[in-house]
Amino acid sequence: MKIVIVGMPGAGKGTHAAALRERLQIPQISTGDMLRAAVAAGAALGRKAEGYMNRGELVPDRLIVELVERRVKEADCAGGFILDGFPRTLEQARALREAGVGIDVVLELHVPDEEVIERMTGRRSHLPSGRVYHVTRNPPKVAGADDITGEPLSVRADDAEDTVRKRIVGYHAQTGPLLDYYRRLAASEPGAPRYIRVDGSGSVAASRTRVFAALGIA
Ligand code: AMP
């Protein structure tokens, strides 16, 4: 199955994409993770993307489209994949279609704005390992320290409250038209990706059950 997960930052795309990856045994392609890895490695792409990411802005389409087009053509994607965080704009969705990358399902994870703000501003990350906690929903054993290494946790630059609010405004402006596009496509064209909107609010377990059910997976 070729799945696109769309949702606000903090909606749980990454969490549900990881669960689907385990269940379906297909790769999870997270553009946010790919970009963060490029930044950490000091790669040319990372140097170009870092400023946009820290300001909570999307990186320019041309930087990301080629990266994804190359990744989905790799052998491990032949049996399907989960795109987590891409496409984020109408231009990216069109580029994917023009590149002949077929998609079976577009899954929109819907979470109200205020819940997203609460989730993201409480997030604490152990940057070297990628482990993520939440001050109330998933606290570390010792406040402010990673469970495994004891090293200090940090707030990702783009999880600061003013940046989160900016990302939400950006999401509605940039990803709204993308959702309209997929909704219209699903309604008007045979063979177009199915469009499913799932309630992603509340606990991870409850929304995972809804995601799996919507995709017809037990
Ligand atoms: P994420 O972890 O998915 O929230 O992504 C973190 C940041 O990476 C975003 O705020 C953007 O700056 C950048 N990014 C990730 N995916 C994309 C994309 N498809 N298009 C543009 N920028 C992206």
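A polar contact is a pair of N or O atoms within 3.5 Å; within protein, one of the two must be able to donate a hydrogen and the other to accept it. Keep in mind throughout that this is a predicted model.

**Exercise 1. His126**

Task: Find the element that holds His126, decide whether His126 is buried or exposed, and say which side chain makes a polar contact with the side chain of His126.

Solution: 
- Start with the element: His126 lies in strand S5, which covers residues 123-126.
- Next, take the relative accessible area of His126, which is 2%. Buried means under 20%, so His126 is buried.
- Now look for the partner: the side chain of Glu151 makes a polar contact with the side chain of His126, at 2.7 Å.
- Finally, widen the view. Setting aside neighbours within four places in sequence, His126 touches Arg131, Asp146, Thr149, Glu151, Pro152 and Leu153.

**Exercise 2. Ser188**

Task: Decide whether Ser188 is buried or exposed, and find which backbone oxygen its side chain reaches.

Solution: 
- Locate Ser188 in helix H7.
- Its relative accessible area is 54%. The cut-off for exposed is over 50%, so Ser188 is exposed.
- Follow the side chain of Ser188 to the backbone oxygen of Arg184, reached at 2.8 Å.

**Exercise 3. Helix H5**

Task: Work out which residues of helix H5 are buried and what they pack against.

Solution: 
- Go to residues 90-98, which form H5; Leu90, Gln92, Ala93, Ala95 and Leu96 are buried there.
- An α-helix has 3.6 residues a turn, so residues three or four places apart point the same way.
- The buried residues of H5 pack against helix H4 (61-72), strand S3 (81-84) and helix H7 (161-188).
- Step past the end of the helix: H5 is followed by Gly100, with a positive phi near 75°.

**Exercise 4. The chain as a whole**

Task: What radius of gyration does the chain have, and what would a compact globule with 218 residues have?

Solution: 
- Begin with the elements: the chain has eight helices and seven strands.
- A compact globule with 218 residues would have a radius of gyration near 17 Å. The chain has 17 Å, which agrees.
- For its extent, the C-alpha trace spans about 55 × 40 × 35 Å along the principal axes.
- To finish, buried residues make up 47% of the 218 residues.

Technical notes. Residues numbered from 1 in each chain as written. Predicted model: local features only at pLDDT ≥ 70, side-chain atom pairs only at ≥ 80, totals over all residues. Heavy atoms only, no water. Helix = DSSP H or I, 4+ residues; strand = E, 2+ residues; numbered from the N terminus. Rg over C-alpha atoms; globule rule 2.2 N^0.38 Å. Buried < 20%, exposed > 50% of the residue type's maximum accessible area, 1.4 Å probe, protein only. Contact = heavy atoms within 4.5 Å.
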